[in-house]
Amino acid sequence: YCAIGRPLWTEAAWFDHCAKYHGFTSTSGASGVGPVWPVRPGRGAVTSPVWKIHRNGLFWLLVAFAAVIVLHADHLPSWILLAASVATIWRIQLYRSAWRPPSRLIKTGLLGLCLAGLVVEYGSPVGLEPMVALLVSAYLLKLLEMHHRRDAYLVVFLAFFITALDALFDQSIGNTLYIIGCLSLVCLLYTSDAADDLLCVD
């Protein structure tokens, strides 16, 4: 059960999901009793169920992500905005189990491309804009690497920090109101029922 008391999986549904999307087969202990865990072919028993963010939690997480990226759009390179769009689509496809999670090689390559792009764009990593661009790049890459509940919370905390950083660029009334709106959205994501959804497996 999740934090708000909804059942996560029936045993049959859990094994069906593991077999369909992750190549697991079920097994039990030598005694044939007690907890039953899925086993990936060629590997040992998995000691925890596959984590997957709840649909409502993912929706609000992506809404907050888009709001934060738009907030910084006027001083970010266009390729970061494109990368944010790709990360959003990839995250949705991961939820739908239509695409595989990026491998370690792909994640390393994406990190290298982001660092190379920042060097080409700014020349030096010293300065407010390159550091914010680096943080936003880490933010969108972390969205792809959201494999556990703690990763989802880290994405939320990064949204807080990146939103507040925009006040260093623009202190106008309109921008301040937008910042307050973004912070309120992220606060609601963290403190309301959507936060419980982040704790759930869908």
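Modeller: Axes here are lines fitted to C-alpha atoms, for helices over the stretch in contact, with angles running from 0 to 180 degrees between N-to-C directions. The model under discussion is predicted.

Biologist: What is the relative direction of α2 and α5?

Modeller: Two packed helices are described by the angle between their axes and the distance between the axes. Helix α2 (residues 55-71) packs against helix α5 (residues 128-144) with axes 12 Å apart and an angle of about 160 degrees. Angles over 145 degrees count as roughly antiparallel. Therefore α2 is, relative to α5, roughly antiparallel.

Biologist: How many nonpolar, polar and charged residues make the contact of α2 with α5?

Modeller: The crossing of these helices, α2 and α5, is left-handed. From α2, the contact involves L61, L62, A64, F65, V68 and I69, and from α5 it involves V136, Y139, L140 and L143. By class, the contact of α2 with α5 has no charged residues, no polar residues and 10 nonpolar residues.

Biologist: What span does helix α6 reach from its first C-alpha to its last?

Modeller: Helix α6 covers residues 149-165, which is 17 residues. Its buried residues are D151, A152, V155, V156, L158, A159, I162, T163 and L165. At 1.5 Å a residue, 24 Å is expected for α6, and the helix comes close to this, reaching 25 Å.

Biologist: Which residue has a positive phi although it is not a glycine?

Modeller: Most residues other than glycine have a negative phi. The residue in question lies in the loop between α3 (78-95) and α4 (104-122). With a relative accessible area of 25%, S97 is partly exposed. The residue with a positive phi, about 60 degrees, is S97.

Terms used: Residues are numbered from 1 along each chain as its sequence is written. This is a predicted model: local features need pLDDT of at least 70, side-chain atom pairs count only at pLDDT 80 or more; totals for chains, interfaces and linings use all residues. Side-chain values use heavy atoms; hydrogens and water are left out. Helices (H or I, at least four residues) and strands (E, at least two) are DSSP runs, numbered from the N terminus. The expected span of a helix is 1.5 Å times one less than its number of residues. Buried means under 20% relative accessible area, exposed over 50%, partly exposed in between (1.4 Å probe, protein chains only). Angles under 35 degrees count as roughly parallel, over 145 as roughly antiparallel, 65 to 115 as roughly perpendicular and the rest as oblique. A crossing is left-handed if the near helix is turned anticlockwise from the far one by less than a right angle, and right-handed if clockwise. Contact means heavy atoms within 4.5 Å. Ala, Val, Leu, Ile, Met, Phe, Trp, Tyr, Cys and Pro count as nonpolar, Asp, Glu, Lys and Arg as charged, and the others, Gly among them, as polar.
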